[in-house]
Amino acid sequence: MTSTYDSRTSVEALILDYNGVIGLQPPIAMWTRLADLAEWPDRHLPSFQDAFWAPRNAYDAGQLSDLAYWAKVLGHHPGPRWLRSLRDADTAMWTRTDPRVLDILSRARTSGLTMVLLSNAPAHLSNVLDATGWRRELMDDALYSARLGLCKPDPAAYEHALAATGVDDLGRVLFVDDREDNCRAAAELGLRTLHYTGQPAYLEQQLPVLADSTGS
C-alpha cells in the first residue's frame, strides 16, 4: 500500500474510485453466472474474463454501446433479451458495496469533507450507481468515464474531478483508488494519493477530520 499522505496538511476533499474501494470485487460465483449467461464454451472462466476485459476500456469510455461491447465479447451479436440479461448480470457484479468503507465516508461527510466519485464505468452502471442512496447522500458529485468520454488514468479525468471538489490546493485533496497506475497518474498532477488495498482502517487514518470530530 502506498500513500503520499502528509499528516501536517488537512484533507479538504476526497476523490474516490468506486470499484475496489466503495464497491466490492465480484466473487467467482458471479463471474461463473455471467459466463453461463454468455454460453461460454466449456465454462472456461479465464478465457471468458480475458474476452470480457479486452474491450472494457472502450466500453467504460462510452465508445461502445451495450450491443457493440457484448458483440466483441461473444464474437457475435446477442438478441435483445439476451443482451439485457448479460448487461443486468454484468451490472449486478459491480453494485455490492463495503459497509465498512461507507461508514467511514458517512462520518467524514458529517464532518464536512467534500467527496467526489470518479469511476471508470459504462453508461448503464453509471445510472444504477447514481440512483443508490449512498451516492445521493455521500457524494457532492459523481463523474463516470462513459459520461466524460475518457478513463483514468487520463489526466483530464482527474482535472474534471478536481474542478468538482472546488478545492484549489491540490495538496489538500486525497485521491483513493485500488489501482496503482491510477494513483501514480494522480500523484503526477500533484494530488495526494492512497493506493487502497482493502483495509478500511488505513483509509480512516488518512482523514484527520474524523479524529477531530470525535475529540480523540
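Which residues does L24 touch, not counting residues up to four places away in sequence? In this predicted model, L24 is in contact (heavy atoms within 4.5 Å) with N19, M93, R96, T97 and D98. L24 sits in the loop between β1 and α1 (28–37), where helices (H or I, at least four residues) and strands (E, at least two) are DSSP runs numbered from the N terminus. L24 and M93 are 69 residues apart along the chain, and their C-alpha atoms are separated by 8.7 Å. With a relative accessibility of 28%, L24 counts as partly exposed; under 20% relative accessible area is called buried, over 50% exposed, and in between partly exposed (1.4 Å probe, protein chains only).

Residues are numbered from 1 along each chain as its sequence is written, and side-chain values use heavy atoms, leaving out hydrogens and water. As the model is predicted, local features need pLDDT of at least 70 and side-chain atom pairs count only at pLDDT 80 or more, while totals for chains, interfaces and linings use all residues.

Two helices show how buried residues are arranged. An α-helix has 3.6 residues a turn, so residues three or four places apart point the same way. In α7 (residues 123–130), the residues L125, S126 and L129 are buried. They lie on the same side of α7 because they cover an arc of only 105° around the axis, the arc being that of the directions from the helix axis to the C-beta atoms. The buried residues of α7 pack against α5 (80–93), α8 (133–138), β3 (141–144) and α9 (145–148).

In α10 (residues 155–165), the buried residues are A157, Y158, A161, L162 and T165. Their arc around the axis is only 135°, which puts them on the same side of α10. Among the elements that cover them are β1 (13–16), β2 (114–119), β3, α9, β4 (173–177) and α11 (180–189).

On a 1 Å grid over the protein atoms alone, a cavity is a set of points where a 1.4 Å probe fits but cannot get out, and a pocket is an open set with protein on both sides within 12 Å along at least five of seven lines; lining residues have an atom within 4 Å of a point. The largest pocket has a volume of about 400 Å³, volume being the space filled by probe spheres set on the grid points, which are joined across faces, edges and corners. Its lining has 19 residues, and N19, W53, D60, N120 and R179 lie nearest the centre of the pocket. Two or more lining residues come from each of α2 (45–53) and α3 (56–60), with α3 giving the largest share, three residues.

One cavity of 30 Å³ or more is present, and the largest cavity holds about 40 Å³ of space. R56, Y59, R87, D90, T91, P122, H124 and L125 line the largest cavity. The elements α3, α5 and α7 each give two or more residues to this lining, and α5 gives the most, with three.

Finally, the whole structure has zero disulfides, a disulfide being a pair of cysteine sulfur atoms within 2.5 Å.
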